[in-house]
Each structure stands twice: as C-alpha cells, then as structure tokens.
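Me: I would like to learn how to read a two-chain model feature by feature. Please give the general idea each time and then the case at hand.

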Amino acid sequence: MTLPSTTPFWLLMAWRESRAAWRHFIFFVACIALGVGAVVGVSLFSANVERAVLKEARGLLGGDLEIRLSREMNEKGQAVLSDLARRGVQVTRVSELAAMASREVTSEGAQGTQLVELKAVEPLYPLYGRLKLEPDRPLWALLNPSEDRCPRPRCYGAVVQEALLFRLGLSIGSSIKIGDTLFMITGTVRTEPDRMANMFSLGPRVLVSQEGLAAAALVKPGSRVRERYLLKLSGMGDAQSLLYELRGRLLSESAKVSSYRDAQPQLKQFLEQLARYLGLVGLTALFVGGIGVAMSIQAFLREKFHSIAILKALGSDSRTVIQVYLTQAIGLGLLGGVIGLSIGVGLQDVLPRALAGLLETDLLQQVEFTSGFSTAAIGPLIKGLGLGIMTTLLFSVWPLLTIRNVKPAGIFRRDFEGAERVGHTVTGRFGQRLLISFRTDPLPAVAAVSIGAGLAALSVWQAGSLKIGLFFIGGLITAVIALMLSAQAFLKGLRLLGSPGPLVLRQALGNLHRPGSQTIGVMMSIGIGVMVIMTIGVIEHSLVRNIGANRPADSPTFFFIDIQPDQADRFSHLIHEQTGDVAPRLTPLVRSRVRAINGQSVRVEAETEQEEQAAQTREDKRKNWYLGREYVLTYLEELPKDNTIVKGAWWKPDHLFVGPQLSIEEDAAKHMGVNVGGTIEFEIQGISVTAEVTSIRKVEWGNFSTNFYMILSPGSLDGAPITYVATVRVPPRDEATLQAKVVVAFPNVTSINIGDVMETFTNVLERLALAIRAVALFCISAGALVMAAALTATRYRRLYEAVVLKAIGATRGFIAQAFAAEYALMGVVAGTVGIVMANALAWAVLRYILDLPWSLEPRLLGIGFFCTILLTLVVGFLSTYRILGQPPLAVLRHE
Amino acid sequence: MIKIQRVTMQLEAAGQRVTILDDVTLDIPQKQMVAIVGPSGSGKSTLLGLIAGLDRPTSGSIWLDGVDITLLREQALARLRLEKVGYIFQSFHLIPTLTALENVAVPLELAEFPDTRTRARELLEAVGLGTRVSHYPVQLSGGEQQRVAVARAFACRPPVLLADEPTGNLDSSTGQQVIELIMALHRDFGTTLVLVTHDPSLAALTERVIALRDGKVESDRLVRPQQTL
C-alpha cells in the first residue's frame, strides 16, 4: 500500500516504519490488547448487568410500587389498600420469613431439618416478571394441588428450590412439615423475579400460599417477618405521584414505600463497587502493558538509532522524528485497542461464569442477562479504546524523548562511541544537578509531570471517583517505585558481588545486569502482577482466618429466634434436658422503627419530586440508613459483655425507673445526632414508646453474641409483643438431634446454625476472590508479555553469545542452564518484591479499611513465590528456546 | 561560501581528553571543488561533519552561506542542512526500511516539495537506477546504494555538497562511476563540493587540496584554478 505523496512527512514515515517493523511490535500490540481486553470485559459486563437490571426493574421490585413492613398492615393501612383497589390498582401481599422445614416427624423427633426462606403469596403474584418453575405450570395451581393428588382434607402445595430436595433427600410429591402443617412438594423454582439479590442466604426458598402460611401458624406477635404489598398500576396514573401519596398516608404505619426506580439499591451499589474495583484491576493490567509498550519502544529506538541519525543528518529535527514514532506508537496502540475490544467482548461471557454463585439468587438469570451487543456496549467500547490509546501515548512519550539525544553525528558512531563532548558534563550534588538539568532542558521534567497527571486522569476516569482514582494511582506509583528501587538494589548488589560461583551462574548474572537487559522493567512488570494476585490472596486468607480466630471457644452453636413468651420456659427446659446445661440465656426482643429524635419527627423517604432529586451526600445517606432501618430492641438489667460505656452511665440494679431509659451504640448516636439527655421515640407494632438516652456504648460486633444498637431499661417493653432469642452451645455430634427436637416441639422457632453461616460467608468470600483473581490474571499475563517482549528484544544478542559459546565448546545444556538461572533469578526478585509489596498493601487494607489484624500466610506466600519462578522460567524458555538449537556457523557467517 | 574560524574539537573518552581538530581556519568560496586529505584519525570526517552542522565544535565558529552555524539551535540547524547541504557518506547510510525511491524522497518530503515521488524517480533515473526504485537497500549493490545516496544528497539541489570518502567502500570501477556522477552535479549546478578522500588520484581531480594531520591543517594548495561555471 502506498500513501499519496501529499501525505505529511511524519505520517508517511510512520507508515513506512511500521510496514517494515511489525514483528518488533507484536508484544507492543499484545500488551495493549490484553490491558484493553481486561478493562473492556469488566465494563461491558457491568453495563450489561445494569441494562438488564434497569429493564427488569419492575420485576426485581415485584411491582410498580412496594410497601414494606415488619408486620401485617393494620386497619388504617388496610383502608388505604382497599382505596387503592377501588382506584383500579392491583395489590398482592407477599410475606417472607425464615422457618424450619423437616422431612418427616417420628416419635424420635424431626428427621432431617433445614432452615428455609419461606415466601407466602397470593394468586396475583407475580405482578411483573416470570417465575421459572418445574413443571412449567402456573404457581397458584402448584400451591393448591387437586385433592386427588393430595389425600388429606385440606392440602397445601409448596414449590421449593432444588437445593432443599438434595439436602433433605426429597423429591417432587414428598411432604415437608413447616410449622404446624404438612406441605406437599409440587414443583421446583429456578428463578423468581423479585427475590432479594443477596450474597448471603439463610437457606433454600420455599414458596407457599398465604393460606398455607396461616395454617402453619408460624407468624406470631413479634415474629420476624417481612410483609410486602406489591402494587401494579396498569396505566392508572403516575407511579411516582402515588409513591409520594402513599408515603404521606402510611407515615404512621412505619411502612417503607419504594418505586421500581430504586429497586434493589444495595444490589446496584454492590455491582457498582465490584465493577469499579475489577475495573481498577483491569487498569493495572493495562498499565503493566504500558510498561511493555515503553520497553518495546526503547528496544525499537535502540535499533533505530542509526536511521534517526540519518534522518537528522538529512535535515529532520527531533520534533519531526518524535512525531513520526509517536504517530507509529499511537497507530499500534489503536490496533492493540481494537484487538483488546474483541478480547473484552469474549471476557464479558467468561466473567458471569466466574461470578455465578456469588449471589445466592441467580441474578443473571433473574434479570435475563445477555452479553450480546447492544447500544449500552458502545460507551464501554469507546472508553476502552480511549484508555488503550491514552496509555500508549503516556508510556511512549518518555522513551521517545530519548530521540532528542540522538545527534546527527551519531552516524559516525564508530568514531564517537563512548565519547562525551567536552564541557557538557553537569557536576555537583544531586539536587543541584537536577536544578541545572531543569534549567538547561526543562522538557523531561515537564514530560514527567504531564505523564503523571495523565495517568492520574486515566485512573480517575476509570474509577469514576476522584478520591479512589488518585488513591489508586498513588498506590500504584508507590508500588512501582518500590519495585524499581528493589530491582535496582538487587542489580547493584550483583555488581558488587563481582563474578562468583560457576560459569553458568556468572553467565546468568552477566545477562541480568548488562546494559540494555531491561531487567528492571521485567521485574517491575512481573512484580506488579504478583503483588495484585497475592494481595487478594492474603486479604482473603486473613479475613477467613480472623473470623475463625475471633470465634471464641465458648461461642454459641445455634441462635434460636422467634421464641414466644409462652414458650420460653418450655424451651429452656428442653435445652436443659438435651444439653444437660443450665437453662440457656433468653434475650427478649422486639422490632421497631425510630419515629422521632428529641421530639423531632424523623422522615427518611422523599415525599416530593424535589426532595427525591436533592443531592445526598455520603454523610446524608449514612444518616438516613441509621434513621430508616429497623431496630431490634431489648431490655437488660446488666451491661452485656464486650460492651463499654463511653458516655453517661448504665442503670443501677433494682433502680426504679420513672420512664424508659435507653443505652445507644456510639456510631448510631453520632449519625442520628443524639446525645445523653436526648430522647428517641420508637414505633413498636403501632405503639409509640419514648425513651431518654442515658448512656452511649461501644460494642464489639464481631464477638458472636447477640449485640444491640439500642438497649432499654427493664420494664420499658412491658406489654410489647416481645419474642425471645436464645444462644445455645452443643458439641457438633448433638447439633442435628437438638435441632430436630426443637423443630418438633416448637415448629415456629427458627434455628440458625453459626457454622452454616460461617461456611456461607467463606464461600462468598472465595467466589469474590475468584472473580477478582480472574481479572488479576490479566495483570500477571501482561507482566509475562513484558518479559517475553524484553527477551525478544535481546534475542539477537543472546543468539550471538550462544553460538560464540558453542563455537568455543559450550554445550546446549550449559546455555540452557545459564538461561534457566537467569530467568529463575528474575522470578526470585520479582516474586520476593511482589510478595513483600502485597503484604504491605494487604496490611494497609486490613488495618485501615477492614479494621482487622494482618497475619503472615507462609503457605500461600510460598506457593506464590514458587509460581512466580515457574512463570519466569516458562516465559523465558518459550521466548528463547529456539536459540538453543541454532547451529553456530550459520549465525557467525552472517556477522 | 564556507568559513571556518579557529575551530577546535575535543572529545573525552574514558577520562582522557582527545583533540580531534586543533585551531583550524579555512575559507572555501562558492562553487569551489575542494578535497580534504590526510591519514586516518587526522580529523577529516569530523571537519566535514562540523561543516554540515552534524555536531558542534568545542570552540571556534563555522559560517555557511553567511550564517554562523555554531550559534544555531537544533531546529534551525536541521533546516539549514535540509536547504543548504547535501551529504554523501562512505557507508551510504540509507534507511534500511525504505525503498530506494523513498530514501531519495525523504529530504524532498521534509522540505515539503510538491510531487516528491516524481522528482525522486527523476533523480534515480538520472543516477541510472530508474529500474531499481522499489528495491530496498539490502537488495542493491554497494555502487547502487551509493548512487541512491548521491541522488538523495542532491534531491533538494543544495548549494553545498559534502562527500565523505564516497568511493571508500566501492570497487574502483564503481567508484569511478560515482565520482563522475558527483563531479557532473558540481559542474552542472555550480555546487560547492567538499570531498574527503584518501585517494590522491581523486584529490587530483579537484581544484584545491587541504591536507590535515593530527587535527591541524598541514597544507592548503590550489591544484588548478577554479572553473568558471
């Protein structure tokens, strides 16, 4: 292909140089392609999820609007619902609670029990979205099986998640007992549109009818239940104005009214955060690729030294030559970017698989996630390409500046080699030298600042947050500097060491520290990859270890919840009988919402469009979280263990209280703006209780006990619909028996096994770490590419040395050993520095973000170290194995 | 055309200061054909490089067409080389990744000449390489490469042509052809020609012979009167 002669010189030359040198740039293009692929894959995945969530928003909420309460709607609320029905709005009620299901009940107790997430529905459910059921029949038909299939006088059907069948060894047609009633399993549910996308689930889903739930008699006063009233307007006016109307009318109900527009805010926030951090790991891969770009250009320019000198001798200035090679670099960056886009498109199919199972509900199926092309993909694709080109540009500028140092006299390099012109050497202290250099030639300093600013801008762009972007680039630059200094110190150490040991080692060391070896760049690139992967590993292990370590030896095995007041004595008796232990500690509790603080009504939800649109700061959101959430209240005589009073005083034993007193947790007090002497008014199942704050407490949340934000003085909750929670500790072999006995004796009591919860947590953590690691693999691959690029750049020198060594009697084995020693040493240094940096980073994250102690993970670090050496050996030999077989004469003849 | 005043060039290598040119003063009028001779290491090529502005002297000044080039910044020097100086190297110094035509076109493109490709083709035809335009340097013989280099040096019709042992890497008959080509350009276009050579017979063809030894002008003599062109 020939460009028209009117094409500007820089473009003509850039084209000609690329045409002849494409082989030099395979790694250049690959580095950018890989980085862009990682960034685009993550952004496409997050854009697709966002699109799907938006599309299925009504299905995710279950209606146009949702009214949520922690109890059944009272009369006043029912009147509002009837009014809505009169206005043509479809309303359906959904009740959700945790319950115990058992396989069959014998005189020995319940055989096979399982904690389940029960959901009771009405015929209209679901108003939006589709349930995927097996068999594919209407849900209502499955929940009300015909009498011929169900011999009992009144028969209830249950549709369950397949996991329950596996865990209890059941099949379709079997019966399970929930509460006081037997349910026949009539089908399985694969996806339900409005299941809360949550990382943690207490157990498999069981769908029943509202009649079935009533028959089970699980819901007692004060039971832990979530009542949802789903509304479908069907063209009956505007959802948003009805939202504000209902918020006003249901204020006294302590109901939470939301519209499909803000369906699943935690899910959105979680996905946003995940996409942001995965995106930053992707950007790290791109920046590591950038190091590869800089090294490729450096190696290329070294070869082009002569041609540049000729161009200058012919009358070209540095600016023009830099323009030529910068154009070439950007063109290659564009090519790498385009290839990267296709890698990214491929990755967006892989990521959902890595993430599958992260959320307990299969969210991706729930929102009918597809990774196909849509207009939503255009943004991420353009951004990915932009990031690729900008990274190329920023990493090219520095090596390209060296073109300025090529003098036209370089054409006579043989005469001038190693010679410095007299009178141009700057001497003095480092600072003075820097200042003089800046005065005589400010361009490198200006370029360095611009590159730093450019990289920071790219980071902020990718993170979507100034603070996180700057924090990321600050951390990355610190890590790069630390890696560079360590690699330099290592090489300096080698020089000081002289030439120790056998020839093989001397040859390997020589290769590492000779000019042009690019060892520092390789160590940095591999080191960053190792650092990213190991940081994730160390944090994951530390989290799991800390949680395990924090669990005290006397921590409970079970939490039993929803024990009714009239069951308390019998329950204590049963536990005493089963465990031989003294009666378990029963803590009374009641669910409530905050209605007023210091006499001022609390209003969290917007009641007008203007309020909705008003910008909320992070602090506002935090405050609203504290004000709007449900509080579990208790009353206690004594200050619980691991609680310390930081302000005010705990009530004295046998104190006579004039009115309810309250001890509040310190963060809650801070965000709610309440102090000792202030008052909080609670709404408890429609009844109002006002308490005076008499103390503020610090709580140790991670101690595996029942902890409370709000503790009232004894007597404050008299007459309130309280339930009890009991914590019980039994040896592992007695767990199943105890659970079975409790289910039979107290069908409405739910038992939560701490061990199961811990296991779920560990699984989620592993999944999350796996997803991050999948993207982090791009970082280490980019590091491997950089190493391959560096070795390829020095291929000819290695080849020449290898044949000279062979010519003087060295064997192929000797050369292979020298190469192996060289690559292994690279791995040792990159691995050591990467692992040290990873531990420093993990320590900072654990200490300052997660507030957990760091612990040394020798096994994990050992594996990481070994794998790094293996990686450098494999990449090294893949890049250079051909050299080993070259016959000396063929090479030397061409010298 | 070229004035060299008290030019000294010193280099430092391995901590030792080496004087390459030592207080050289010369004046070369327009259209003169000059040979610079001397043994290896006498500073011939360095002097030629300094005249072309390829490097700066340690002290002294060099005037080219009325301009002190030692005072020029990089960009102005590059422009001066492009417009005023054609340079032919002993080792040809063609850009290996460009075809013969593209090599010749480079200075024309840098100077933003119109229709660079046609002009480059004409130049290659003029040096007898009309059929080799698409060949890369490695596909050309030494003589052919040097002819491409001559065409390139003369592409912008510079008033000064500097040739550094142009026949040094060629056999005698090919060398002869290249010298004839350079002479013809000097003759036909009135170009000032400065030739560095080892070859006394080649030096004898010029109008003036300047001999250097240890960086100093050993002799400077007119061999024949300057031809009026």
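Me: Which residue is the bridge partner of A:Val594 in β18(A)?

Reply: The model is predicted, so local features are taken only at pLDDT of at least 70 and side-chain atom pairs only at pLDDT 80 or more, while totals for chains, interfaces and linings use all residues. Residues are numbered from 1 along each chain as its sequence is written, and chains are lettered from A and ligands numbered from 1 in the order in which they are written. Helices (H or I, at least four residues) and strands (E, at least two) are DSSP runs, numbered from the N terminus. Two strands pair if DSSP finds at least two bridges between them. In β18(A), A:Val594 has A:Phe682 as its bridge partner. The strands are β13(A) and β18 (residues 679-684) of chain A, paired in the antiparallel sense over four bridges.

Me: Which strand does β13 (residues 585-597) of chain A join through five bridges?

Reply: In a regular strand the side chains alternate between the two faces of the sheet. Five antiparallel bridges connect β13(A) with β21 (residues 723-728) of chain A, where A:Thr727 is the partner of A:Arg585. Four bridges, also antiparallel, link β13(A) to β15 (residues 630-635) of chain A, with A:Val632 opposite A:Arg591. Two antiparallel bridges join β13(A) to β14 (residues 600-601) of chain A, and here A:Ile597 faces A:Gln600. The hairpin of β13(A) and β14(A) has two residues between the strands, and A:Asn598 takes a positive phi near 50 degrees in it.

Me: What is the strand order of the open sheet of six strands in chain B?

Reply: The order is β6-β7-β8-β3-β9-β10 (chain B), with mixed pairing. At the edges are β6 (85-88) and β10 (216-222) of chain B, each pairing on one side only. For angles, axes are lines fitted to C-alpha atoms, for helices over the stretch in contact, and the values run from 0 to 180 degrees between N-to-C directions. On average, neighbouring strands of this sheet are turned by 15 degrees against each other, direction ignored. Within the sheet, β7 (residues 160-164) and β8 (residues 192-196) of chain B run parallel and are joined by five bridges. One of the pairs is B:Val160 with B:Thr192 in β8(B).

Me: Which strands does helix α6 (residues 172-189) of chain B touch?

Reply: Contact here means that the C-beta atoms of two residues, placed from the backbone, lie within 7 Å. Helix α6(B) packs on the sheet and touches β3, β7 and β8 of chain B, its direction making about 165 degrees with that of β7(B). Helix α1(B) lies across β3 (33-37), β7, β8 and β9 (208-213) of chain B and runs at about 150 degrees to β8(B).

Me: At what angle do the axes of α5 (residues 142-153) and α6 of chain B cross?

Reply: Two packed helices are described by the angle between their axes and the distance between the axes. For α5(B) and α6(B), the axes come within 10 Å and cross at roughly 10 degrees. Angles under 35 degrees count as roughly parallel, over 145 as roughly antiparallel, 65 to 115 as roughly perpendicular and the rest as oblique. Therefore α5(B) and α6(B) are roughly parallel to each other. Residues in this contact include B:Gln146 and B:Val150 of α5(B), and B:Val178 and B:Leu181 of α6(B).

Me: How many residues of chain B are in contact with chain A?

Reply: In chain B, 30 residues are in contact with 28 residues of chain A. On the chain B side, α2(B) gives the largest share, six residues. That side divides into twelve nonpolar, eight polar and ten charged residues, where Ala, Val, Leu, Ile, Met, Phe, Trp, Tyr, Cys and Pro count as nonpolar, Asp, Glu, Lys and Arg as charged, and the others, Gly among them, as polar.

Me: Where in chain A is confidence lowest?

Reply: The predictor's confidence in each residue is the pLDDT, from 0 to 100. In chain A it is lowest in helix α13 (residues 413-416), at a mean of 43, and highest in strand β8 (residues 205-209), at 93. Chain A averages 81, with 87% of its residues scoring at least 70; chain B averages 88, with 98% scoring at least 70. The model has ipTM 0.78 and pTM 0.74.
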